[in-house]
Amino acid sequence: MEINNLTPAELRVWRAFPRGEAVDFRAAEDEDVADGADWGAERTVRATVLRALMLNGPQEDGEIPALKLAGARITGVLALQYGTVDHAIRLSQCHFDDVPLLYGCRLRQLNLSGSVLPGLTAATMRVEAVLRLTDCRVNGPVRLGGAQIAGALFMDRAEIVADQAGEPALQLNHMTIGDDLWAPGLRAHGEVRLNGATVAGSVNLNDARLSHPGDIVLDAQTLVVEGDFHLRRVHTFGWIGLRGARVAGRLDLSYAHLSNPGDAALRASSSTIGELWVRKGPPMEGTLTLRRAQIDELFLEPESVPEEVQFNGLVYTSLTPQEPPARRLPMLERDREGYVPHAYEQLTAAYRRIGDDHAARLVQLAKQRRRRATLPWYGRLWGHVQDSAVGYGFHPLRAGVWLVSLLAVGSVAFALHHPPPLKADEAPHFDPVFYTLDLLLPVISFGQEGAFAPRGWYQSLSYALVIAGWILATTVFA
């Protein structure tokens, strides 16, 4: 490009480039970049001029060239597909008339902080340092799928509005980030796609507002995060998908508001998570799905659990905060799959790990009662007998109360009416207490039961005592 063809604004940028000097066209630091379409020629720069500088700009000995531009209106398409730029690029607080095309290019560093763009196409782009989209407003999809960023990706307080139906607002799928994905306060109207991405550091979406009602709002299936995944105070309208994701550190949903009524709010089935925190927020509006997930520490407050859950196959090492079974059991009763034995076993194991055997027994008792509702009528009848008698064996002292009560009834009845001996000359002295014990205890024998034969309703009483004794003994033993 001939330098004679440059406008005064472009000439200023061209001369500053070799020395890496900044050019700032802003009239005030707080001006609204969204009004950039009305900026005049005095601050308008053609995209072709910027492209020429990036790919083949002038250089000066002893200087480090860089493109540092603020407050400019950039007209035309900034097309750098498959190009290589060895200089740092900072186009902050700029207004782009057209979507930059950075597909497959290689950059040293790119900073678009505070700029307004109609979209961004930069799939498979490679950045040697960091990519900054801080405070950007994008009125179209941001396509970064398959991009490789050696440093961090900054998108804090960025706002993205997808204007194309069916296309995600923010595409970070299969992306590789060598440091953090830093996007607190992100505003996305449409799907945010992170599936298959790898983040060597942490992901920060604290205070984000993600809206895609009735559909997936954050698709992070098979996402790999080597650090933490922060979603504190996030507001979502749509469901979050974390199926098969791996978060080595903490997945923090503290103070989060997840809303997707009538469907899932969070799907994290088959995921592997170091710590999952669901706390201090309102109950999710939708289903919490943790089927087949593996979690080292599950921090789950009962108040934050929604009306429907799916816990079948969920494995966790510890469960906090420590709550009594009366607070934890209602969570298991909300499972959409109905009676899930595995969920009760996991909760039992969690109580046993902290040495609370009493709570573990209460969970097992609740499991048996829940199972009873799935049995046919005769099974339910037998279950009620076991429950009332000895609490399915988890209240053994109750069996002692029943035995003492039956012993008293039998002793009084047989003391008032001694049963006749089978052989009068061989029968021992009749003792109503030990005779009743002989009937109640199926293993121990005091020699009374076989020596006497009650008649009439006393015989029926003896049969009842034998049956009751077997029920109590076998249930406690089981």
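Which residue is the bridge partner of Leu-107 in β10? In this predicted model, the partner of Leu-107 is Val-127, and the pair belongs to the contact between β7 and strand β10 (residues 126-127), which run parallel and are joined by two bridges. Strand β7 (residues 106-111) also pairs with strand β5 (residues 84-92), again in the parallel sense, over five bridges; within this pairing, Ala-88 has Gln-109 of β7 as its bridge partner. A further parallel pairing, over two bridges, links β7 to strand β11 (residues 131-132), where Leu-110 stands opposite Leu-131.

Attention then turns to charged side chains. Side chains of opposite charge can pair when their charged atoms come close, and a search of the whole structure finds 24 salt bridges. One of them is formed by Arg-137 and Asp-32, whose closest N and O atoms are 2.9 Å apart. Because Arg-137 lies in strand β12 (residues 137-138) whereas Asp-32 lies in the loop between β1 (22-24) and β2 (44-46), this pair ties together parts that are 105 residues apart in sequence. Arg-137 counts as partly exposed, at 30% relative accessibility, and Asp-32 is likewise partly exposed, with a relative accessible area of 35%.

A second salt bridge is that between Glu-337 and Arg-291, whose side chains meet at 2.7 Å, N to O. Glu-337 is placed in the loop between α3 (325-332) and α4 (341-353), and Arg-291 in the loop between β31 (285-289) and β32 (294-300), so that the contact ties together parts 46 residues apart in sequence. With a relative accessibility of 34%, Glu-337 counts as partly exposed, and Arg-291, with a relative accessible area of 24%, is partly exposed as well.

Salt bridges that share partners also join Arg-232, Arg-250, Asp-252 and Glu-275 into one network. Within it, Asp-252 forms a salt bridge with Arg-250, the closest N and O atoms of the two residues being 3.9 Å apart.

Technical notes: Residues are numbered from 1 along each chain as its sequence is written. This is a predicted model: local features need pLDDT of at least 70, side-chain atom pairs count only at pLDDT 80 or more; totals for chains, interfaces and linings use all residues. Side-chain values use heavy atoms; hydrogens and water are left out. A salt bridge is a side-chain nitrogen of Lys or Arg within 4 Å of a carboxyl oxygen of Asp or Glu. Helices (H or I, at least four residues) and strands (E, at least two) are DSSP runs, numbered from the N terminus. Buried means under 20% relative accessible area, exposed over 50%, partly exposed in between (1.4 Å probe, protein chains only). Two strands pair if DSSP finds at least two bridges between them.
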